[in-house]
Amino acid sequence: MPMIDADGCLLNVSVEGRDGGPTVMLSNSLGATMQMWEPQMSALTKLYRVVRYDRRGHGKSGVPPGPYSMERFGKDVLAILDDLNIEKVHWCGLSMGGMVGQWLGANAPERIGKLILANTSCYYPDPTNWHNRIKAVSENGLASIADTVIAAWLTSDFREREPQIAAKLKAMLIATPQQGYIACCEALSRLDQRDLLPRIKAPTLVIAGRHDTSTPVEASVFIRSQIPNASMTLLDAAHISNIEQPHNFTEAVVGFLTQR
């Protein structure tokens with residue numbers, strides 16, 4: 001796995017799958033590493049070259065001091081593509097990864113083929129929840145919020161049915177560098193990308209989770225309404241829909257990417 005320098009921050013990057021094929025880039029939620037995409041990798045690597053990475057402040061990537069911003073996250077992606085000599089990718093981002101995808105779709109349209117925005121939002125009208133989370137993590141660490149976050153990530157039915165998967169996600173969250181997590185929360189507390197959406201020209205699929213309380217269905221409906229010709233798929237899942245509904249998520253992604 002290469003470490004790629006983005007303005008002095010080393011980013012942990014993985015490239016797998018078909019050499020010379022079209023490229024799909026996957027982008028994680030807050031508090032997750034590239035391992036969150038394991039349920040999709042078998043299907044995607046048969047068809048595509050797949051690029052995954054740990055966002056700055058996460059996983060094995062560097063943790064420079066904040067503040068971070070969506071522009072910074074977007075430029076990190078462009079640094080990865082430039083280093084790998086990849087001209088254009090299809091983008092699939094979940095939650096925070098979808099927010100970075102919105103930035104890229106509007107600001108680097110020549111680098112994006114198709115755009116998949118899953119379980120995401122473009123705007124938080126009230127930053128209070130993020131400020132509260134920053135305070136909790138600053139004072140008591142990520143373990144103090146882990147159960148609350150996992151309850152939002154996965155429905156109670158799924159957590160009861162798949163306790164090992166839930167435990168693995170919780171461990172991934174708790175292992176996130178505290179300062180990196182806080183710096184990302186600060187970026188989210190300022191999120192307002194509503195004006196970017198009409199500028200996105202890439203074919204776009206919005207994926208929503210019926211039980212998602214973190215980025216509710218209404219947020220996805222708004223995004224779809226603002227991006228020209230965007231379509232939307234609703235899955236029976238909470239926030240991390242690619243893990244809760246792996247088959248249906250993968251089917252939606254591959255179906256969208258392969259349609260002409």
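This is a predicted model: local features need pLDDT of at least 70, side-chain atom pairs count only at pLDDT 80 or more; totals for chains, interfaces and linings use all residues.

Student: What makes H4 roughly antiparallel to H8?

Tutor: The axes of H4 (residues 128-140) and H8 (residues 178-189) cross at roughly 170 degrees and come within 9 Å. Angles over 145 degrees count as roughly antiparallel, and therefore H4 is described as roughly antiparallel to H8. The crossing of the two helices is left-handed.

Student: Why is Ala187 called buried?

Tutor: Ala187 belongs to helix H8. Its relative accessibility is 6%. Buried means under 20%, so Ala187 counts as buried. Not counting residues up to four places away in sequence, Ala187 touches Tyr68, Ser69 and Phe73.

Student: How do you know whether Arg72 is buried or exposed?

Tutor: Arg72, which is found in helix H2 (residues 70-84), has a relative accessibility of 18%. The limit for buried is under 20%, so Arg72 counts as buried. The C-alpha atoms of Arg72 and Ala187 are 9.8 Å apart, although 115 residues separate the two in sequence.

Student: What makes the pair Arg72 and Asp76 a polar contact?

Tutor: The side chains of Arg72 and Asp76 are joined at 2.9 Å. A polar contact requires a pair of N or O atoms within 3.5 Å, one able to donate a hydrogen and the other to accept it. The pair of Arg72 and Asp76 is accordingly listed as a polar contact. Leaving aside neighbours within four places in sequence, Arg72 is also in contact with Ala6, Asp7 and Arg56.

Student: Why is Arg190 called partly exposed?

Tutor: Arg190 is found in the loop between H8 and strand E7 (204-209). Its relative accessibility is 48%. Partly exposed lies between the limits of under 20% for buried and over 50% for exposed, so Arg190 counts as partly exposed.

Student: Which residues does Arg190 touch, not counting those up to four places away in sequence?

Tutor: Arg190 touches Pro67 and Tyr68 on that basis. The C-alpha atoms of Arg190 and Pro127 are separated by 7.1 Å, with the two residues 63 apart along the chain.

Key. Residues are numbered from 1 along each chain as its sequence is written. Side-chain values use heavy atoms; hydrogens and water are left out. Axes are lines fitted to C-alpha atoms, for helices over the stretch in contact, and angles run from 0 to 180 degrees between N-to-C directions. Helices (H or I, at least four residues) and strands (E, at least two) are DSSP runs, numbered from the N terminus. Angles under 35 degrees count as roughly parallel, over 145 as roughly antiparallel, 65 to 115 as roughly perpendicular and the rest as oblique. A crossing is left-handed if the near helix is turned anticlockwise from the far one by less than a right angle, and right-handed if clockwise. Buried means under 20% relative accessible area, exposed over 50%, partly exposed in between (1.4 Å probe, protein chains only). Contact means heavy atoms within 4.5 Å.
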